[in-house]
Structure formats: C-alpha cells, structure tokens
Amino acid sequence: MKRTLRALTLSCTAAFVLASSASAPTGAAARAASGRAAQTPAAAPTPQPSPTPPRDERLWRRALALHKKALVVDGHNDIPTIMADEDYDLGTPSAGKYHTDVARLKRSGLTGAFFSIYVDRQYATPEWVAQNYIKRGGAARRALDLIDVTYRMLEKYPGELMFATSAADIRRAKREGRVGVLMGIEGGHAIENSLAALREFYRLGVRYMTLTHNNTNEWADACCDTARHNGLSDFGREVVAEMNRLGMFVDVSHVSDKTMSDVLDVTKAPVIASHSSARVFSNHKRNVPDELLRRIARNGGVVMVNFYPVFLDEKVRLAGLERDQRLKAQRDALRARFKDDPARLEEELDRLNAANPIPNTTLSMLVDHIDHIAKVAGVDHVGLGSDFDGVPNLPEGITDVADLPKITYELLRRGYSERDVLKVLGGNLMRAFAEAERVAGVGRRKVSGEGSLRRLGTPAK
C-alpha cells in the first residue's frame, strides 16, 4: 500500500482521511487516519488530561526496574507495511522518521509485539481485482507479502528478534532477552471468504485477525462503513467459531458496535481489541463504549489502548474534522493535479497539513484511557495497543517505541500497584492468550482435519 492512498474526504463511508499534525513523522502509514470522518456525531465529554508534575527520579528508577521485569506486549505495530512498501530494513536506525527499529525495540523493554499484517480495503474491491489482480494479486497475496517481509527481518536479526506464536514463546523471548514478534491480520477480507485460507494463515503464525478494517466485508460490518449484515452474518459467526477452534484471537478493533456485540454473543474464547481506546474521551466509532467494555470484561478479553491522539482526545478529533472540511477543496485539487505522481502528491499533502496543524494531546490523556477502562471493565482487562507506525503522530511525551517505560512510570505515579502495572503492560494479554489456547486445545486439535468446510452463502450444517 502506498501512503498516497490516503483519500481525503468527509464521507462517512470513505476509507481514509489524513490526520497528521505539524509534528507528525513523515512516512506514517495511510491507514493511520482511516475512518476519521466516520465518527459519531453526538457530542462527547471534553476531556481534560490530568496534569503531569516534573519527573520524580527515584520513582523513574523504580519504573525502569519494574519495566525491565515485566512481560510487555504491544497489540499492534504497523511496521510491516513500511518494510514492504518502502523496502525498509528494520535494522536501520530510523528515529525521527519511523517509530520502530531493532535498536529501539530492544530499548523499549518489549517482550512481545504483534506486527500488523494490514490489508488495505482496495485489495478487496472489484475495481482493484479487475485492473491489478494478474500482476499484483488480491487481499490474500498482500497479506502473504507482509508475512514474508516479517519473516525476512526475523531471519536477519535472530539475536534481537524471535518468531513467537504462543504465550510460551513470549515467555521464552523474555528469558532469552529477545523481542518476540507475533503477527495479526488487520482486515478480515484478507482470507478472501475462505476458512481454508484462515487456517493457512494460522499455520504461517498469525495469531489474531481484526474481523474488519474500516470497510464492511462480505460477512461483518465495520465501524466506519455502511452496515450490510446487521453485525455478523451466519458465515461471520462461522469465522469466529473457526478462530476459536484454532486458538486465534478474534480482534474487535474496527468492527461496528453490533458486530462486536454479536462476537461476544458467540465466542467461546476471550477476544481482544488490539488497538482501540475508550469512547467516553473521544467520540469516535473506532473506540469502545462503556457497555461493550463491560461485556469484554465478562468475556475475559482485553482492550489494548491505541495511542493515536484523535482516538484519545475529543478536542483533537473535532479539530481534525474542522481541518478536513476547511482543506477539502485544496486536497481534491492536489489529488487531481498529481494523480499520476504518488510521491509528489504525498509530499504536497504533507506540506498542506504542516501549514495547518491541529492540537495534540498528552501521555497523561493516554493513561486516562487506561484508568477509565480499568475502572469500567477492571484492571484485568486493559493493555497496550500502540498503533506505532500506523498513525501519523503520537501524544506529547511519546516519540516512538522506546518511550514505553514512560507509561510504566505514569501508572506508578498514579498509585497503581506493581502487580497491576504488570497486568496492564502485558500480563492481561498473556492470561487471555493462554485461555484462548486452552479453549482451542492447541496441540490436540487438527488444524485442517477438524476444520469447518462451510463456504460463504451455504447454510450451516
């Protein structure tokens, strides 16, 4: 996916709206701002980030020691898109340009990072298939390309990274002082409506699938697109059941509220929201409302807080909407002028946004989301889902993956016990992962031999 695919539109059904600020790193993935316009129209509370006092050096040292001890798991990192589309070697220092490289992954204290196998909605459209399939393939091919580039980096840097597909692998990564790299598909259209393809992705190491991106697919409604199924279709329920059987997390980030509710009705294993925040602070459909936070808690699942300022702070969301409307004509003109020059279009759009910055939010606001989810769902049901390298900017105080210890510090400063901090950093995800594996009977069940043969449009047997 080229970053210039950021279509800038106010339509509720549009996929992409640019949302970077003047301080945004260049090269942010296109899907960062996806669905920006598809936000709930009703007013949300105006968030007031808690003030952050000067750093207490003694507490900072304690936070670093605890962070070093922790199993730290990030639910969502989009660096594979950049590795594939920009031929980026993860071992190349990229501070100030990207959020992630090998050196900063090591400094971050991460034990496990889910690399996003993000499949843009274009790969599932009839127009794309008709014009590009023979040379460039479709949704499944795109997923395979991103999986392959992830493997390439794992093979190139075995001393720093290791392939992880289980809770046990994450623990082994910790013992060996490496970062466990896991994979999650973002966009259920990647399986091309095939449970057999789902099983093959599992074999390749994929351990969650976000059922939709911002686009409604053939079996599940998305947050930011027209609903066609009233949530999950019958085949969508079959997808969830097969994911439960395999031991693959059902990821409810990006789905509609009704789809999320349907998933929680039928799943037998904990779900995750790999990179979603609390709707009470930013009235965006990508965020999770309180009633569904409570249901995810009853399910045993985990909501992993997204770091994108638009999802964190209502003031930022509203400022972005105002800018989108104000700059629409200029953006449309740029798209028409440079339609055959994607690199120049990207440059011009970035320049326009830099000249029209919107406010940012703070690390404190990010932790306010953790506080809220811990209060509503319980401290056992919240985690971290950064969206590094998938968002155009981050809150003040967070520059890149290496800044994760600052969250540990802020949690301790707010009075969280060390035990609860360890849960938020990764313990909750580890618990849910182990339970998903238990429900599946991983090691005993047959991946294909016991798999469903259901096809889209056929009745359940």
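Student: In helix α13, how many residues apart are arginine 344 and glutamate 348?
Tutor: This is a predicted model. In it, the side chains of arginine 344 and glutamate 348 meet in a salt bridge, 2.8 Å from N to O. Both belong to helix α13, residues 342-354, and about one helical turn separates them because they are 4 residues apart.

Student: Is glutamate 348 buried or exposed?
Tutor: Buried means under 20% relative accessible area. The relative accessible area of glutamate 348 is 14%, so glutamate 348 is buried.

Student: Which parts of the chain hold arginine 121 and aspartate 225, and how many residues apart are they in sequence?
Tutor: Their side chains form a salt bridge at 3.2 Å, N to O. Arginine 121 sits in the loop between β2 (110-118) and α4 (126-136), and aspartate 225 in the loop between β5 (206-210) and α8 (234-246), so the pair ties together parts whose separation in sequence is 104 residues.

Student: Are arginine 121 and aspartate 225 buried or exposed?
Tutor: The cut-off for buried is under 20% relative accessible area. Arginine 121 falls in that class, and aspartate 225 does too: both are buried.

Terms used
Residues are numbered from 1 along each chain as its sequence is written. This is a predicted model: local features need pLDDT of at least 70, side-chain atom pairs count only at pLDDT 80 or more; totals for chains, interfaces and linings use all residues. Side-chain values use heavy atoms; hydrogens and water are left out. A salt bridge is a side-chain nitrogen of Lys or Arg within 4 Å of a carboxyl oxygen of Asp or Glu. Helices (H or I, at least four residues) and strands (E, at least two) are DSSP runs, numbered from the N terminus. Buried means under 20% relative accessible area, exposed over 50%, partly exposed in between (1.4 Å probe, protein chains only).
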